[in-house]
Amino acid sequence: MPSLPWHDIDTVLLDMDGTLLDLHFDNHFWLEHLPQRYAEVHGVSRAMAELELLPLFEKNAGTLNWYCTDFWSAELKLSVRDLKVEIAHLIALRPDAETFLAALKHAGKRVIMITNAHRDSLSLKMERIELAPYFERLISSHDYGVPKENPQFWDALHADIGFDPTRSVFIDDTLPILRSAGRYGIKHLLAVREPDSRKGPKDTEEFEAVGDYRDLIAGL
């Protein structure tokens, strides 16, 4: 079980999708709901929809476009936000995420959300799951014009909020993003063992991973 030296940590940086929220919503949207609705809207078969979408997904993976609802709405000629609203009932917290946030707030830690999600997606999710009061700031990488994978994101974040990387912990379910944060100098990094509740545990490679947020509360 990972443990954290909370006496050496002032700032807690938290991802949203797959870290605090169950990634099942996003996986279901991109792999099932969007292809199906794209096929219906454009009058093609589901198989043809997937053939048309796959190269676009591959081309934009890891870029800011990948996370941008405006980009996908224009590219696919449909309203991505409206399609997300259709399955918004699937938006759900990961187990004990809110308990962890409440404990951080009680302990007086500085807690900031940093997500690659577009503001449309962020607002939709915060409407469904009221987490905003636990955070000092809710920051979308779109605010800075670069995703978390890009080293420029961390420079922009530092200029914006003025945190000490050596006294910060960052939790994210995406390994390339954790590596980007590590290269920047963030000292404490944790992956997420099971970001999608329907897919089981993932290999987090060189990173320790949190499976149960209650384990992190010890020592707060």
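Which residue in β3 does T115 stand opposite? T115 stands opposite S140 in β3.

## Basis of the description

This is a predicted model, in which local features need pLDDT of at least 70 and side-chain atom pairs count only at pLDDT 80 or more, while totals for chains, interfaces and linings use all residues. Residues are numbered from 1 along each chain as its sequence is written, and side-chain values use heavy atoms, with hydrogens and water left out.

## The sheet

Six strands form an open sheet in the order β3-β2-β1-β4-β5-β6, with parallel pairing; strands (E, at least two residues) and helices (H or I, at least four) are DSSP runs numbered from the N terminus, and two strands pair if DSSP finds at least two bridges between them. The edge strands, each pairing on one side only, are β3 (137-140) and β6 (209-210).

Strand β2 (residues 110-115) runs parallel to β3 and is joined to it by four bridges.

Strands β4 (residues 168-171) and β5 (residues 188-192) pair in the parallel sense over three bridges, and V169 stands opposite H188 in β5. Helix α8 (residues 175-184) packs on the sheet and touches β4 and β5, where contact means heavy atoms within 4.5 Å. The direction of α8 makes about 180° with that of β5 (axes are lines fitted to C-alpha atoms, for helices over the stretch in contact, and angles run from 0 to 180 degrees between N-to-C directions).

## The largest pocket

The largest pocket is lined by 31 residues, of which L23, W66, Y67, D173 and T174 lie nearest its centre. Here a pocket is an open set of points on a 1 Å grid over the protein atoms alone, where a 1.4 Å probe fits, with protein on both sides within 12 Å along at least five of seven lines, and lining residues have an atom within 4 Å of a point.

Helices α1 (24-42), α3 (69-76) and α4 (80-86) each supply at least two lining residues, and the largest share, three residues, comes from α1.
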